[in-house]
Amino acid sequence: MHPKSPTSPRPRAAAALAAVTAGLLALSGCGSSDEPAKKSGTSSSKPVDGGTLRYAATGSPATASNDPHGGLGNESDVLRFALTYDVLTVPGKDGTTKPRLATSWKPNSTMDRWTFQLRDDASFGDGEPVRAEDVLYSLRRITEKAAENYGRLADFDMKASKADSDHTLVLATREPMADAPRALESISFVVPEGADDFSDPVPGSGPYRLESTGAQTSVLTRNNDWWGERPHLDKIEIQAIADPQTRANAVASGQADVAGSVSPAAAKSAEKAKTQVVHREGVTEYPFVMRLDTKPFDDPRVREAFRLAADRKALVDTVFLGFGEVANDLPTPYDPSTPRDLPQRTRDVDKARKLLVDAGHDDGLTVTLHTTTSYPGMDTAATLYAKQLEDIGVTAKVKVEPADTYWTAVYAKKAFYTGYYGGISFTDLTRVGLLSTSPTNETAWKSKKFDEGFSKAMGTADDARREELLGGIQRDLWKNGGYVVWGTGDGLDLAAPGVHGLPDGPGFQRMFIDGVWKEK
């Protein structure tokens, strides 16, 4: 149990701005961080080289991808990409951006041009050096595939960007962008210039090389020519497994060494069996998403009624089993910019009923609440919330959708569904899903005041003032937005005894496992 006040900032919030979209692991000595990652296991012995790590990751073979610049729906694919390809920047343990393939960066006076200096000792698997042209090509390709990757680089102007030399890159942004280096954390997978067919392995410059890959299983071997500290493991085998219980069972039965994203129930069972449990504190969130452009959620009174119907403590206790805490309807409660002085919403059935009557739903309301089993507890949360909605006169029909198609067929498309966040920062969520021009505006939230406030914040160099401005635009989102954010829970991974160095950060941070080692 990790008790915290729902309005108190997390330790990460003391830093400038927390890690990004789905951050990267910051591993000691690997060019990834300023501090060692928290290690799993209890042994105090020094790291040893050798061995194979078998990792059961969230993923469906039906939606497997070999393209690091397209949609990243499978964590099993992202894990493979993070080991094969280098990225420009990573978050440090204090939440600030640290170097990886980029060694330094500097903005111009208006913060719409950023100059990045790149490592001069990085090379691809075929021996060719990594040049600024390769990086620029990769970033441009990500931009061109915006329809697949939710517009990850939409705020960069790649046509106006250029390679000044083999190891100097100038990136242009469409507007002032104070956090441009942070916006590149974890998503800037670099491939050789001209690479476009990924049906066969394309050489990367990361710590591992792809030996073989299939829809279900991939095998990677250590890249002894990597510029960073030599990885300990000889091989890493990644298995894509959609069902969280099956992933947990794989570790329990000895068929895997690590299981990513398991259920709280599986974690409790694992603790009794002396299997290691890695906590990624407070990063898991299953918000109920309401689209403002679809009835009945186009009425703010209905949205407020749905928020007031939530028994947040009951949801947290049932879904996270003691590994979570109540939240307050802002989509990134862990972010340092989130305002802490907003009143905590609590359940108010009478007020919710009155709001529905005022909205013209005197005889009740029937809606469909879509959910899935993609992440442990999503279906449980939806079922319990549907029962809570009954108390305000709403019949919510829970529809459990297939996990392998949920994020393409339901996410940002249906009027009412269960979402998932794993540690995305507020600025990244805003760019992808909250601006009027966002490529994946999941709630159809369109506010000129919000857009202008975000632009002003991004043009502000001072970190504290920028956080203050970002907090200000979240207040209207709290009042009128399309989210029911009832709680956050720990991300939970399992590891067999003897596995060390697994990351415990949010989002994609845990995908960068090049510092992991196994006892012999």
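**Exercise 1.** Does R307 count as buried or exposed, and at what relative accessibility?

*Solution.* The structure is a predicted model, in which local features need pLDDT of at least 70 and side-chain atom pairs count only at pLDDT 80 or more, while totals for chains, interfaces and linings use all residues. Residues are numbered from 1 along each chain as its sequence is written, and side-chain values use heavy atoms, with hydrogens and water left out. Begin with the cut-offs: buried means under 20% relative accessible area, exposed means over 50%, and partly exposed lies in between (1.4 Å probe, protein chains only). R307 has 0% relative accessibility and therefore counts as buried. Next, look at the partner E304, whose side chain meets that of R307 in a salt bridge at 3.4 Å, N to O; this term stands for a side-chain nitrogen of Lys or Arg within 4 Å of a carboxyl oxygen of Asp or Glu. E304 is buried as well, with a relative accessible area of 16%.

**Exercise 2.** Find which parts of the chain are tied together by the salt bridge between D49 and R230.

*Solution.* First, note that the closest N and O atoms of D49 and R230 are 2.8 Å apart. Then place each residue: D49 lies in the segment before β1 (52-58), and R230 lies in the loop between β9 (217-222) and β10 (235-241), so the pair ties together parts that are 181 residues apart in sequence. Here helices (H or I, at least four residues) and strands (E, at least two) are DSSP runs, numbered from the N terminus. Finally, D49 is partly exposed at 35%, and R230 is partly exposed at 40%.
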